[in-house]
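Reader: I have some questions about labels and the values behind them. Take me through them briskly.

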Amino acid sequence: MNFFKCIFFPVFLLLSCLLLNTNVTGQVQERDMVWCNGTSQTSNGWDHFRLEMGFHGFQFDQLLDNQWPNAWGQGVLAGADYIDYRINLRSGSDVLGIGHGFGGIALRYAQHLNSDISAMVLSGVPNQGSFAIGQATLATPNGVSKVSEIIERIESVKLGDNCQDCNVTGLFKSWINTIEGGKDFIGDLSNDSDVILNINKPAYLPTIPYIVLYGTVEDFSLVRMLDTKFSIGDGTELVECQEERIREESKNIENLEIQRTIRNTNGFFANVLGFAGSLLSAGSGSPGAALSAISNYINQETNRIIQEIQAQQEIENELARMLRCQLANQLQEAEWMLMMLDGSFEVTEVFVDMTTQEDIDLCMLDCEMDFSNDPNSIHHCQNWCSQNLVIGEYVTTTVFVAELTNGLLAESEQKLPGSNMVAEIHLPNTNHFQMTSRTQEVLVDEFKDNIFSGALGAAFIVPTN
Amino acid sequence: MKKPILVLLCFWIFMCFWSCSKDIDESPDGIISLLPTNNGVSLSYNVKTIKYTRLVNPQDSSILTNSEKTLLVPEIRKANVVFEMDTLGNFAGEIIMLPTEPIYPKNVIGRRVTPENLKVARKEFSSSGINYYNSQDNIISAEPFCQRLANYYVHLSNNLSEEVLLSPQDFDLVMDAWKDAGFHVVDNGPDYSSIKFDLQGGNYSYVLIDRNQQSIVGTAHYKNDGSLISKSTSYIQPETEQNPKKINSFYVTPFKTPFSEVEMEIVIQSELNNINHTTNL
């Protein structure tokens with residue numbers, strides 16, 4: 001028994017001290033945080049990124065729980081109330097808030113409700129409101145949003161032409177439908193909503209240190225962004241599918257044209273000329289007899305000739321269909337880009353080398369095809385080409401150069417100038433959904449090396465183990 | 001028959017690659033280099049293709065939406081094409097996308113940009129297969145050779161060595177024979193004639209004949225309501241002291257814009273130059 005006392009109590013005391021010490025140390029070394037996801041429509045959330053930061057050794061306590069989506073489902077202000085409630089419930093102190101999209105705006109409101117929030121990081125937040133979200137949530141007189149109207153038109157073109165597009169338009173539509181479905185709360189992010197107008201009044205600008213992370217993508221592609229949103233693999237399935245489809249389409253065009261070319265070069269006209277050549281070189285007698293023989297040959301071949309032309313017409317029809325599908329895709333990309341910009345693009349004149357347009361013969365041929373049935377076509381065409389032909393090698397074309405965006409928000413919509421801003425960090429080649437992604441290296445590096453490390457100020461330090 | 005073959009070959013072979021690019025020097029050498037022989041046919045050329053849309057009525061420009069205006073921006077591509085075939089019918093070819101000056105700034109609305117790793121920079125084909133490469137020379141896709149394309153080169157090879165031209169009088173006789181056979185033939189000035197073909201369902205086509213070249217230089221296809229399906233033309237600019245031979249092609253098909261419903265045309269225009277054709281059989 002004495003032996004037990006001698007051993008047990010010292011060991012018990014030692015273990016107790018160790019456990020107590022660990023607990024105390026843990027409390028000291030763990031930062032209270034609120035990781036505020038955006039709505040599921042426009043954010044993949046912070047969950048994986050938070051885990052990634054944990055793997056890097058950062059010690060923090062997430063004060064929000066899984067009821068957060070229910071809160072944001074009632075709008076930004078309800079979301080802010082919930083953040084405040086959770087911090088108070090968990091007795092949070094020196095809380096570092098991290099917000100994305102909708103979560104960032106709710107966090108900004110919460111900062112004014114709860115003095116325990118001491119610093120904020122705003123990643124891909126529509127600080128100035130979002131024009132695109134406005135276009136996707138505000139109903140037109142037709143009862144649907146402007147974006148939905150546009151998708152319907154594009155869909156109709158694609159349906160009419162049986163366009164294959166790896167379901168890009170379908171995914172785009174389903175994404176916009178979910179945004180439109182959540183318009184009661186996502187609409188708070190519209191650039192002209194009261195929520196946005198109020199939070200940007202001078203009195204509501206952040207009163208604590210904050211960092212703005214804004215993402216941009218050069219030569220933005222809607223397909224690439226939808227890939228990030230919908231792909232279950234490495235986020236390139238949709239792009240690869242579409243590129244494969246375009247290559248396949250090109251090959252189909254090539255095959256169709258090869259059929260067409262063979263018909264043209266070895267087809268009916270060459271055959272008739274060949275027949276006439278051999279007939280005339282053999283000396284067929286009078287011109288009348290030759291005419292009759294060639295005419296008979298053409299008559300005999302009429303069915304085959306008509307079949308060839310018919311086949312050519314079908315090939316041309318198919319080629320035209322494919323080109324219209326390409327334009328429909330191009331229009332879809334352009335429309336979404338314009339939706340994001342609220343007119344913030346530059347109109348620029350570019351000189352383009354169009355040398356072949358000055359070719360009078362080509363112009364004449366092009367024109368002649370329009371007046372095939374008109375014996376006076378030569379006169380019309382000479383007049384038209386002399387008046388309308390582009391002279392000189394270069395023509396001026398107008399292009400619209402877009403302000404950079406992250407695929408949902410323009411750069412200027414994400415920024416938030418203010419006296420308490422500690423840093424404004426650019427995340428290149430990062431779309432809106434990638435602004436919470438653990439696989440987006442530039443984002444991980446910024447948090448790891450500059451923000452949580454304290455390089456940008458002690459207010460943002462998250463301790464490591 | 002040589003000219004139309006060249007025209008159609010060059011234009012349409014390029015069609016499927018017009019959206020690619022790669023940085024290399026543009027100087028086809030015109031000798032057989034891809035096959036282990038000196039005997040055969042070699043053809044090489046540079047091709048520049050411009051794709052754009054144009055308004056049928058220029059005054060409709062103000063009606064277009066901004067997104068529709070982006071369709072007016074020309075897209076320019078260049079490539080170098082080499083095709084060789086030996087006397088045994090073995091063939092090889094390469095299409096290399098050439099650099100185009102970056103005439104447009106970045107972030108021009110409406111331009112499709114293919115990710116670099118998926119962009120076809122070169123296509124290599126032979127009797128056994130076709131490989132597509134990106135700019136890092138990694139194979140993006142590969143497939144067995146298409147028999148139809150092989151047949152096409154055989155036709156080409158046979159026809160390149162032929163030149164069947166009738167005298168102008170004999171050619172006139174042939175055109176009269178078309179009339180005599182009941183076809184509607186219209187003389188469009190001294191250089192061109194067109195033949196109308198009535199097809200199933202009331203559709204019809206016109207074929208434009210160049211009387212000097214004695215070949216088809218254009219086709220136009222119409223629906224039964226008279227609306228255009230498409231038209232295509234090709235023109236050879238003969239070699240002169242000042243200018244080398246060039247081949248110009250034009251493809252046009254109508255397109256009604258979905259938002260403003262303005263009548264437009266999709267145009268693909270190509271110019272082939274630096275054409276080298278050698279035959280050593």
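Author: Start with one term: a contact means heavy atoms within 4.5 Å. The model is predicted.

Reader: What covers the buried residues of H2(A)?

Author: The cover includes strand E1 (31–36), strand E2 (60–62) and helix H18 (441–451) of chain A. The buried residues of H2(A), residues 47–55, are Phe49(A), Glu52(A) and Met53(A).

Reader: Why do the buried residues of H2(A) line one face of the helix?

Author: Seen down the axis of H2(A), they fall within an arc of 100°, so they line one face. The general rule is that an α-helix has 3.6 residues a turn, so residues three or four places apart point the same way.

Reader: Which residue just after H2(A) takes a positive phi?

Author: Gly57(A), at about 95°.

Reader: Why is the pair Arg304(A) and Glu308(A) called a salt bridge?

Author: The cut-off is 4 Å from a side-chain nitrogen of Lys or Arg to a carboxyl oxygen of Asp or Glu. Arg304(A) and Glu308(A) come to 2.7 Å, N to O. That value is within 4 Å, so the pair qualifies. Both residues lie in helix H14 of chain A, 4 residues apart, about one turn of the helix.

Reader: What makes Glu308(A) buried and Arg304(A) partly exposed?

Author: Buried means under 20% relative accessible area, and exposed means over 50%. Glu308(A) has 10%, so it is buried. Arg304(A) has 33%, which lies in between, so it is partly exposed.

Reader: How do you know that Glu424(A) forms a salt bridge with Lys415(A)?

Author: Their closest N and O atoms are 3.9 Å apart. The limit is 4 Å, so the pair counts. Glu424(A) is partly exposed, at 34%.

Reader: What are the classes of Lys196(B) and Asp198(B), and why?

Author: Lys196(B) has 22% relative accessible area, between the two cut-offs, so it is partly exposed. Asp198(B) has 53%, which is over 50%, so it is exposed. Their side chains meet in a salt bridge at 3.6 Å, N to O. In chain B, salt bridges that share partners also join Asp172(B), Asp176(B), Lys179(B), Asp187(B) and Arg211(B) into one network.

Reader: Why is Asp137(B) called partly exposed?

Author: Its relative accessibility is 40%, between 20% and 50%, so that is its class. Asp137(B) lies in the loop between strand E5 (129–133) and strand E6 (139–144) of chain B.

Reader: What makes the link between Asp137(B) and Arg122(B) a polar contact?

Author: The side chains are joined at 3.1 Å. The cut-off is 3.5 Å, so the distance passes.

Reader: Which element gives the largest share of the side of chain A that touches chain B?

Author: H14(A), with 29 residues. By class, that side has 50 nonpolar, 25 polar and 21 charged residues. The two chains bury about 9400 Å² between them, 67% of it on carbon and sulfur atoms.

Key. Residues are numbered from 1 along each chain as its sequence is written. Chains are lettered from A and ligands numbered from 1 in the order in which they are written. This is a predicted model: local features need pLDDT of at least 70, side-chain atom pairs count only at pLDDT 80 or more; totals for chains, interfaces and linings use all residues. Side-chain values use heavy atoms; hydrogens and water are left out. Buried area is the accessible area (1.4 Å probe) that two parts lose on being put together, summed over both. Helices (H or I, at least four residues) and strands (E, at least two) are DSSP runs, numbered from the N terminus. Ala, Val, Leu, Ile, Met, Phe, Trp, Tyr, Cys and Pro count as nonpolar, Asp, Glu, Lys and Arg as charged, and the others, Gly among them, as polar. Buried means under 20% relative accessible area, exposed over 50%, partly exposed in between (1.4 Å probe, protein chains only). The arc is that of the directions from the helix axis to the C-beta atoms. A polar contact is a pair of N or O atoms within 3.5 Å; within protein, one must be able to donate a hydrogen and the other to accept it, and residues adjacent in sequence count only if both atoms are side-chain atoms.
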